[in-house]
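Reader: I would like to go through this model with you and ask, for each term you apply, what it rests on. Could we begin once the structure is in view?

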Amino acid sequence: MDAEQLYGRQILADEVHLNNAQGVQLIRRPALAIQDRWVLCQRCGQRTLKKEVRLPGNKFYCPHCFQLGRVTSDQWLWSLAEPNLFMPIASSPLSWRGKLTPAQASCSQQVRQYFAAGRTHLLWAVTGAGKTEMLFPGIQWALSHGLRVGIASPRVDVCLELAPRFEAAFKSIPQIVLYGDMSGTYEYRQLTICTTHQLLRFYHAFDVLVIDEVDAFPFAADPGLSFAAEQAKKESGALLYLTATPSRELQRQEKQNRLTVSYLPARYHGHALPEIKVKTTGNWRKRLNQNHLPGKVNRTLSQLIMKQRRFLIFVPHVNDLPRVETALKKQFPPLKLATVHATDPQRHEKVQWMRDQQIDCLITTTILERGVTFSDIDVIVIGADDQVFSTAALVQIAGRVGRKADFPSGLVQFFADSQTKVIREARRQIRFVNRKARQEKLIGDV
């Protein structure tokens with residue numbers, strides 16, 4: 001193994017042998033710390049009762065980060081200190097020539113200041129506010145100073161969406177994209193884009209680390225990933241959280257002055273977020289089990305198809321996909337459509353079909369609730385009252401509409417047996433940010 005494979009990384013192994021490693025000082029830590037009653041994983045920071053994870057031979061394992069390879073008590077985590085083998089750049093590495101709005105520029109300047117100070121900060125901005133572009137000045141500063149930058153997201157779709165945008169914005173900076181089923185191998189790069197699970201492989205690597213969609217599953221539900229983020233950045237490094245729907249915990253930290261926040265309640269193009277419309281259907285699941293859609297759903301889809309609109313249909317569960325597909329093909333034979341879900345082997349290709357306008361409709365689970373942008377689409381949610389949809393998920397789903405300046409509006413139509421508390425809260429949140437944006441004169445009156 002070459003030394004640069006371990007710079008700011010942690011490799012799980014019994015032994016590590018480096019090529020041409022003269023003068024290199026390896027860092028070795030026990031993979032698990034054994035305590036009186038507990039086993040503490042040094043990779044994900046989570047602890048488990050000894051009696052629950054005991055192996056033959058009085059060994060133990062960590063059940064929490066199993067998907068990256070089993071960690072046992074007779075293994076070591078090996079790493080090398082991050083040397084920052086990147087030269088400061090005299091000329092700007094930023095090739096993006098866009099212009100931020102005054103509100104975006106104000107948030108962007110704050111982000112850059114916190115990068116320079118090595119602080120933890122939250123950028124709270126509505127869906128479609130241009131959070132990625134607001135990062136560019138701060139990342140430009142970091143790269144110009146020879147610092148190492150990481151951009152992480154809980155969703156691989158978001159990583160694949162971000163990668164070409166950063167590649168275009170920083171053409172002279174080599175980058176790597178890391179996720180579970182990627183092709184190719186790891187390479188040492190100044191700019192790394194990865195899923196948050198991949199952060200478990202890093203150790204004090206990044207001078208600047210950005211966690212996009214911090215409220216999304218699995219990051220929001222896995223304390224091991226929060227630990228991984230803290231461990232992946234340098235002790236003096238900056239950590240930036242991005243979200244449109246911050247958790248109660250993040251909001252609590254702000255109120256307690258434990259976290260600084262930049263807030264932007266308006267989209268970059270100055271138009272309001274499309275607000276959610278709701279129609280009650282009356283036992284939509286029974287109709288769906290018969291491979292039929294409720295009449296209200298069919299009437300709405302007929303209108304969209306007649307207007308030659310393209311649209312996403314969100315459903316609660318994977319087993320709903322074929323039923324909706326069958327019903328649509330029966331009711332609307334000419335409609336070009338596809339279904340997609342998290343384990344679909346053609347997942348990335350189908351999303352690209354929708355971007356390239358090769359299909360009219362993509363039927364999906366919540367995997368496309370965030371981080372993907374399609375031009376000029378409408379959104380339908382069937383079964384919006386299902387427990388799988390959180391308030392944050394419904395707000396993010398609504399946020400797929402109207403993201404482009406050329407097409408700033410569209411239909412967000414929910415179908416449900418009743419308006420649940422979750423649906424009402426999602427509607428309230430969107431109305432609230434629109435009202436706040438109007439008060440601050442960031443968008444015009446209706």
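Reader: In which order do the strands of the open sheet lie, and in what sense do they pair?

Author: This is a predicted model, and in it the open sheet has 6 strands in the order β17-β22-β21-β18-β20-β19, with parallel pairing. From one strand to the next, the twist averages 20 degrees.

Reader: What makes β17 and β19 the edge strands?

Author: Strands β17 (277–280) and β19 (337–340) are called edge strands on the ground that each pairs on one side only.

Reader: How many bridges link β21 and β22, and what is the bridge partner of Ile-382?

Author: Strand β21 pairs with β22 (residues 412–416) over 4 bridges in the parallel sense, and the partner of Ile-382 in β22 is Phe-415.

Reader: Why is β18 described as largely enclosed?

Author: A residue counts as buried under 20% relative accessible area. In β18, 5 of the 5 residues are buried, so the strand is largely enclosed by the rest of the structure. Both faces are covered, with Arg-310, Leu-312 and Phe-314 buried on one side and Phe-311 and Ile-313 buried on the other.

Reader: What makes the backbone of Gln-357 and of Asp-376 worth a remark?

Author: Phi of Gln-357 is near 60 degrees, a positive value in a residue other than glycine, and phi of Asp-376, likewise a residue other than glycine, is positive at near 55 degrees. Gln-357 is placed in the loop between α9 (347–355) and β20, whereas Asp-376 lies in the loop between β20 and β21.

Reader: Why is Gln-357 called exposed, and why is Asp-376 called partly exposed?

Author: Exposed requires a relative accessible area over 50%, and partly exposed covers the range between that limit and the 20% limit for buried. Gln-357, with 51%, is therefore exposed. Asp-376, with 25%, is therefore partly exposed.

Reader: What kind of peptide bond joins Phe-217 and Pro-218, and what is the value of omega?

Author: The bond between Phe-217 and Pro-218 is cis, with omega about 5 degrees. Pro-218 is found in the loop between β14 (206–211) and α4 (223–232).

Reader: Why are α10 and α11 called oblique to each other?

Author: Angles of 65 to 115 degrees count as roughly perpendicular and those under 35 as roughly parallel. The axes of α10 (residues 391–398) and α11 (residues 421–439) come within 8 Å and cross at roughly 50 degrees, and α10 and α11 are therefore oblique. The crossing of α10 past α11 is right-handed. In this contact, Thr-391, Leu-394, Val-395 and Ala-398 of α10 meet Val-422, Ile-423, Glu-425, Ala-426, Gln-429 and Ile-430 of α11. By class, 7 of these residues are nonpolar, 2 polar and 1 charged.

Reader: Why are α3 and α9 also placed in the oblique class?

Author: The axes of α3 (residues 156–169) and α9 come within 11 Å and cross at roughly 55 degrees; α3 and α9 are therefore oblique to each other. Their crossing is right-handed. Val-156, Asp-157, Leu-160 and Glu-161 of α3 make the contact with Arg-347, His-348, Val-351 and Arg-355 of α9, and by class it has 3 nonpolar, 1 polar and 4 charged residues.

Technical notes: Residues are numbered from 1 along each chain as its sequence is written. This is a predicted model: local features need pLDDT of at least 70, side-chain atom pairs count only at pLDDT 80 or more; totals for chains, interfaces and linings use all residues. Side-chain values use heavy atoms; hydrogens and water are left out. Axes are lines fitted to C-alpha atoms, for helices over the stretch in contact, and angles run from 0 to 180 degrees between N-to-C directions. Helices (H or I, at least four residues) and strands (E, at least two) are DSSP runs, numbered from the N terminus. Angles under 35 degrees count as roughly parallel, over 145 as roughly antiparallel, 65 to 115 as roughly perpendicular and the rest as oblique. A crossing is left-handed if the near helix is turned anticlockwise from the far one by less than a right angle, and right-handed if clockwise. Contact means heavy atoms within 4.5 Å. Ala, Val, Leu, Ile, Met, Phe, Trp, Tyr, Cys and Pro count as nonpolar, Asp, Glu, Lys and Arg as charged, and the others, Gly among them, as polar. Buried means under 20% relative accessible area, exposed over 50%, partly exposed in between (1.4 Å probe, protein chains only). Two strands pair if DSSP finds at least two bridges between them.
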